Amino acid sequence: YDPHEPTRVWIDEDNTPDGVYQSLTIILNTGGCRWARAGGCTMCGYVAESVEGGSVSHDALMDQIDVCLDHEQENADERSGLIKIYTSGSFLDEREVGAETRRAIAETFGDRERIVVESLPDFVEQEKLADFTEQGLATDVAVGLETATDRVRHDCVNKYFDFEDFVAASEEAEAAGAGIKAYLLMKPAFLSEAEAIEDMKRSIRKCAEYCHTVSMNPCNVQRYTMVDDLHFRGGYRPPWLWSVAEVLRDTADADAIVVSDPVGHGSERGPHNCGECDDRVQTAIKDFDLRQDPSVFEQVSCECEGTWQVVCEEETSYGMPLTN
């Protein structure tokens, strides 16, 4: 991959504590996630998109930012109030994005209103976040927590840290005047559909005590991962979109903004229903993200909802999946 080109960039809309913003989402092309190179998570294949050699220079990273600004100018009628920066690893890990680059990026976007940067909890430090908050930016750290259940995070996701580390990161962010956005994983490997639903409901309510936004990411099957191997052998099915809707409906009263953006919806390797109703349910999910109104799910129905209910009642983690 060209170290002077970002991995991805796009314009979207996002719900925040200050309302809905047009957002510029940037995925920087870096040397890749430190944890992925040490073993990694069972579902994450993003390290395959990283630059060979393990590091990207300051000048190359700033070239990527320039490409993203050009994309915004060409594709948006106005500048985005919200900037979201990811690296498929940890933006606050200085092995991926050095301190000089972090400060330069903070200055580049200092005239925007809000910024989100992604990081594992280890790297969340007041001094690093001060680069953004001192620019007058409302700053959030997006942490890939995956679940509030330590055993599920360790055994199903193969992530090394505990929930208490997430709490410590939230306290560090708060001390810096920043907020926390928790990313959770809907249906990691080895959980049945019903177990995944219940784990998400518990996790969202627990996370809401420490963050203002919870983003539930339904698992999709990425290449070169353990989940990919399980899926190929018939041992894993991505979650039903009905499950995503059920979790959002049930946790709509949580003390946080709860959103979901099912990647690859409707495909065999992404969250899906029967194929007939996938787009309608996805539209309802996106509508819920912006409005936080669970009644949107009353507007969609399909015969396959009955199959989903049977799966939730009968599927077990030692005999799954019951359907494709």
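**Helix packing, a cavity and some backbone details**

Biologist: At what angle do the axes of α9 and helix α11 cross?
Modeller: Roughly 75°, and the axes come within 10 Å. Helix α11 covers residues 304-314. Bear in mind that this is a predicted model.

Biologist: What does that make α9 and α11 relative to each other, roughly parallel or roughly perpendicular?
Modeller: An angle from 65 to 115 degrees counts as roughly perpendicular, so α9 and α11 are roughly perpendicular to each other.

Biologist: Which residues meet there, in α9 and in α11?
Modeller: On the α9 side they are Trp 242, Ser 243 and Glu 246. Their partners in α11 are Cys 304, Glu 305 and Trp 308. By class, that contact of α9 with α11 has three nonpolar residues, one polar and two charged.

Biologist: And α7, how does helix α7 pack with helix α9?
Modeller: Helix α7 (residues 193-207) packs with helix α9 (residues 241-250) at an angle of about 30°, and their axes are 10 Å apart. The angle is under 35 degrees, which means α7 is roughly parallel to α9.

Biologist: Left-handed or right-handed crossing of α7 and α9?
Modeller: The crossing of α7 and α9 is right-handed. From α7 the contact takes Glu 193, Ile 197, Met 200, Lys 201, Ile 204 and Arg 205. From α9 it takes Ser 243, Glu 246, Val 247 and Asp 250.

Biologist: How do the residues of the contact of α7 with α9 divide?
Modeller: Five are charged, four are nonpolar and one is polar.

Biologist: Other helices, then. How do the axes of helix α3 and helix α4 cross?
Modeller: At roughly 25°, with the axes of α3 (residues 99-108) and α4 (residues 126-133) coming within 8 Å. That angle makes α3 roughly parallel to α4.

Biologist: Which residues in α3 and α4 meet?
Modeller: Arg 102, Arg 103 and Ala 106 in α3 meet Lys 128, Asp 131 and Phe 132 in α4. The contact of α3 with α4 has four charged residues, two nonpolar and no polar ones.

Biologist: Changing topic. How many cavities of 30 Å³ or more does a search of the whole structure find?
Modeller: One. The largest cavity has a volume of about 50 Å³.

Biologist: Which residues line the largest cavity?
Modeller: Its lining includes a run of Ile 27, Leu 28, Asn 29 and Thr 30, together with Gly 32. Thr 7, Tyr 46, Glu 49, Ser 50, Thr 87 and Ser 88 also line the cavity. By class, the lining has seven polar residues, three nonpolar and one charged.

Biologist: Back to Ser 88. What is the phi of Ser 88?
Modeller: Near 60°, a positive value in a residue other than glycine. Most residues other than glycine have a negative phi. Ser 88 sits in the loop between β3 (82-86) and α3.

Biologist: Which other non-glycine has a positive phi, and what value?
Modeller: Asn 158 is one, with a phi of about 65°. Asn 158 is in the loop between α5 (150-155) and α6 (163-175).

Biologist: Where is there a cis peptide bond?
Modeller: Between Met 320 and Pro 321, with omega about -5°. Pro 321 belongs to the segment after α11. Most peptide bonds are trans.

Biologist: Last one, Arg 79. Where is Arg 79 found, and what does Arg 79 touch?
Modeller: Arg 79 is in the loop between α2 (58-75) and β3. Leaving out residues up to four places away in sequence, Arg 79 touches Gln 22, Glu 72, Asp 111 and Arg 112.

Biologist: How far are the C-alpha atoms of Arg 79 and Leu 69 separated?
Modeller: By 9.2 Å, the two residues being ten apart along the chain.

Note on methods: Residues are numbered from 1 along each chain as its sequence is written. This is a predicted model: local features need pLDDT of at least 70, side-chain atom pairs count only at pLDDT 80 or more; totals for chains, interfaces and linings use all residues. Side-chain values use heavy atoms; hydrogens and water are left out. On a 1 Å grid over the protein atoms alone, a cavity is a set of points where a 1.4 Å probe fits but cannot get out, and a pocket is an open set with protein on both sides within 12 Å along at least five of seven lines; lining residues have an atom within 4 Å of a point. Grid points are joined across faces, edges and corners, and a volume is the space filled by probe spheres set on the points. Ala, Val, Leu, Ile, Met, Phe, Trp, Tyr, Cys and Pro count as nonpolar, Asp, Glu, Lys and Arg as charged, and the others, Gly among them, as polar. Axes are lines fitted to C-alpha atoms, for helices over the stretch in contact, and angles run from 0 to 180 degrees between N-to-C directions. Helices (H or I, at least four residues) and strands (E, at least two) are DSSP runs, numbered from the N terminus. Angles under 35 degrees count as roughly parallel, over 145 as roughly antiparallel, 65 to 115 as roughly perpendicular and the rest as oblique. A crossing is left-handed if the near helix is turned anticlockwise from the far one by less than a right angle, and right-handed if clockwise. Contact means heavy atoms within 4.5 Å.
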